[in-house]
Amino acid sequence: MNTMMINTGEMAQRLSDADAYALLDQPQDTLLARAAATRDIGHGRLISYSRKVFIPLTQLCRDVCHYCTFAKAPKKLASAYLNPQEVLEIARQGKAAGCKEALFTLGDKPELRYAAARRALDDHGYGSTIEYLHAMAELVFAETGLLPHLNPGVMDADEIAALRKVSVSMGIMLENVSPRLTERGGCHHGSPDKDPAVRLATIEEAGRQKVPFTSGILIGIGETRRERIESLLSLRRLHDRYGHLQEIIIQNFRAKPGTRMEGAPEPDLADLQWTIAVARLIFGPDMSIQAPPNLSAGSASELIASGLNDWGGVSPVTPDHVNPEAPWPHLETLASDTASSGKILVERLGIYPQFAHDGDRWLDARLRAPVLDTIDADGLARTDGWFPGVAGLPLPKNLTTPGFIKDRALGRILERAVDGGDLRLPEIERLLAARNGEVMEVARAADTLRRRVCGDTVSYVVTRNINYTNICYFKCRFCAFSKGKTSDNLRGKPNDLSLEEITRRAKEAWDRGAVEVCLQGGIHPNYTGQTYLDILKAIKSEVPDIHVHAFSPLEIHQGAQTLGIPIADFLDQLIEAGLGSLPGTAAEVLDDEVRVRLCPDKINTNEWFEVVDTAHRLGLKTTSTIMYGHIDRPLNWARHLLRLREQQQRTGGFSEFVPLPFVHMEAPIYLKGASRRGPTWREALLIHAVARLTLHPHITNIQASWVKLGPEGLAACLSAGVNDIGGTLMNETITRSAGAEHGQEMTPEAMEALLQNLGRPSRQRTTLYGNTSVDRRRASFTDAATV
């Protein structure tokens, strides 16, 4: 690749039509360098692909393209169409091989040319090939869960509308806008569906109907380079109007024996590189530019250097029926070839991330939840089978592709973080975007910092959770704990503990060695600030020495409002009544971009920080948390961490930071099909590590939640920057209500045994990270001889 200096700001600027045509006169090495730099602005190190199964529904076609061997006459086929059983057999093979996309490819409207096609459709009760395609896509989705991508050729408005209901994306190659190619002697002569105006009309109608769409050009079929640019500009104009093009494919013609063009020259690699680079520069940094890897075997590095960011669909089970002479590369080989160019291969769905994240706009209602089930926080394919709160799941391995090359820019960010530099928002985003071998780089850096700041000793606290009521008038969409008018639809029944029961539980906790009770609950419509004061007084009168860690910023805000007094005055009264510290929950994600959709009637970000800031200035310590992995994105997590760091720099009142992965199983927002299934394991590990690196040296304690991560997840996080494993809990109901299966108590014996097996010393601590007394520690063990 050319090593000339590239102005990245210039690369992000849009080319005019005249600028695009001027590319014809630029040296190739200049074009490639500009294109690669432009690609990196939008896609960084990632090169994507879709793991697909190829379903050739029919190889009959009314067109007679002079280069095609996919289309065949009826006499050369055993049947006009694959039958439903054959379709399902192919789909099931793909599902078993880990495919997520079912690619349906077929000829254009063969029933308009062949009586055999018309008879077959009549025999099965279908009015058209499109109607049969609709039925088969629906069947595959219903039976296998594979997400259909449809390439049926030219479509009208009604056909697009019908197919949109059973697919996550569609496509049609423009190929070229030159009408010359349809004239006598041209490769599209005699093919009515290859009229450029007809194809552009289909692409435009797809945009009008908000269909995530694929298109592109075929090079080497008799067109000029100027006509390639003209074709790309035609596609760009449609994308400007509708924003629906997911990717632009640059496909190189391959001469095939038995076709009219079997002797035609194929475009060479340099020509393909030129066209990829031009497409990148015309469409800019964000568009996905794709070239099929099987049509340029052994040239992955050259294609990457040209500015592409996607390999397209690659099937582990079915051949490329359009180019059967060119087998798909093995995915391991493709990953290694990609890595050798300093890039990382990642799996996507048939629908690209930006469209998957905006399913309300781009997907039929019944396809939105299945897509959310299958994506991670970046909108790429969810490739592990791990979910927070689910017991018995093995942790996915953090694999590094052979040939993986470290990113020096990432290394510089890690060095700065370990040296105590405050990371900026783009740097935090970059750490959260780590994949492949980068993940363990980030984890190791975080653990180096943890070892330096906290040593190897892991702390925990003997505590009891007392959730005094689960009745709540707020409508947080993620919460399976609170009960309101719809409580019968959720796990458990409404409850409201009496003061006697609350104090009994606190006394029992003290007798079992607890140093703390943690009190939180729903916002009961009958509760006022006086209720919280009464709870504190009751506990402290019965168990005066226990530390009361109680009431989230939401409860403080609501309590002050009900008493009609400032937050500072209410906190003063709570401190006087025995409040020891505040849990930093009700934070969820401290970015109103998320809160307005996740918990719209809850306190906003500034109100949360107002309570915390006031508490800190009154000498009251708080914890800090994030609840992540639902409708949020890594950018939101980065903003959250920055706000916490800024607050800590002002007041120093946070004792710890606790990432809390979203447990989806019983969460209302998930049951309504409107959220992901919690974070992936990669995301869960990274947020702990990135928190250590971002919050250093301001918040020194990073805690992992065993009730959400389980023992194996906990152990892994202890090697990624975590130094605390939270509380024994005794009674945990909030996460359990969401469907978590890791239990509601981990005894001191169990905690210390887990740590001993990891070769890590343990320490019982107080709420504020002091050492517990010998008496408290002895009381916490069921067998005093083990102390």
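Analyst: **Strands and their side chains**

Start with Val548, whose bridge partner in β14 is Leu579. Keep in mind that this is a predicted model, where local features need pLDDT of at least 70 and side-chain atom pairs pLDDT 80 or more, while totals for chains, interfaces and linings use all residues. Residue numbers run from 1 along each chain as its sequence is written, and side-chain values use heavy atoms, leaving out hydrogens and water.

Strand β13 covers residues 547-550 and pairs with β14 over two bridges, in the parallel sense (strands pair if DSSP finds at least two bridges between them; strands are DSSP E runs of at least two residues and helices H or I runs of at least four, numbered from the N terminus). Zoom out, and these strands belong to an open, parallel sheet of four, ordered β11-β12-β13-β14. The edges are β11 (463-467) and β14 (579-581); each has a single partner strand, so one side of each has no neighbour in the sheet.

Now move to β10, residues 458-461. Which of its residues are buried on each side? Val458 and Tyr460 are buried on one side, and Ser459 and Val461 are buried on the other, so both faces are covered (buried is under 20% relative accessible area, exposed over 50%, partly exposed in between, with a 1.4 Å probe and protein chains only).

β10 has parallel pairings with two strands here. With β18 (residues 762-765) the pairing runs over four bridges, and with β17 (residues 724-727) over two. Ser459 takes part in both: opposite Ser459 you'll find Arg763 in β18 and Asp724 in β17.

Asp724 also has a salt bridge to Arg765, with 2.7 Å between the closest N and O atoms (a Lys or Arg side-chain nitrogen within 4 Å of an Asp or Glu carboxyl oxygen). This one links distant parts of the chain, as Arg765 is in strand β18 and Asp724 in strand β17, 41 residues apart. Both Arg765 and Asp724 are buried. The charged end of Arg765 also sits over the ring of Tyr769, 4.0 Å from its centre (for this, NZ of Lys or CZ of Arg is within 6 Å of the ring centre and within 35 degrees of the ring normal).

How many salt bridges does the structure hold? The count is 52. Among them, a set with shared partners joins Arg464, Glu501, Arg504, Arg505 and Glu508 into one network.

For contrast, look at Arg676 and Asp632, whose salt bridge has its closest N and O atoms 3.1 Å apart. Arg676 is in the loop between α26 (668-671) and α27 (681-695), and Asp632 is in the loop between β15 (622-628) and α25 (634-651), so the pair ties together parts 44 residues apart in sequence. Arg676 counts as buried at 2% relative accessibility, and Asp632 counts as buried at 0%.
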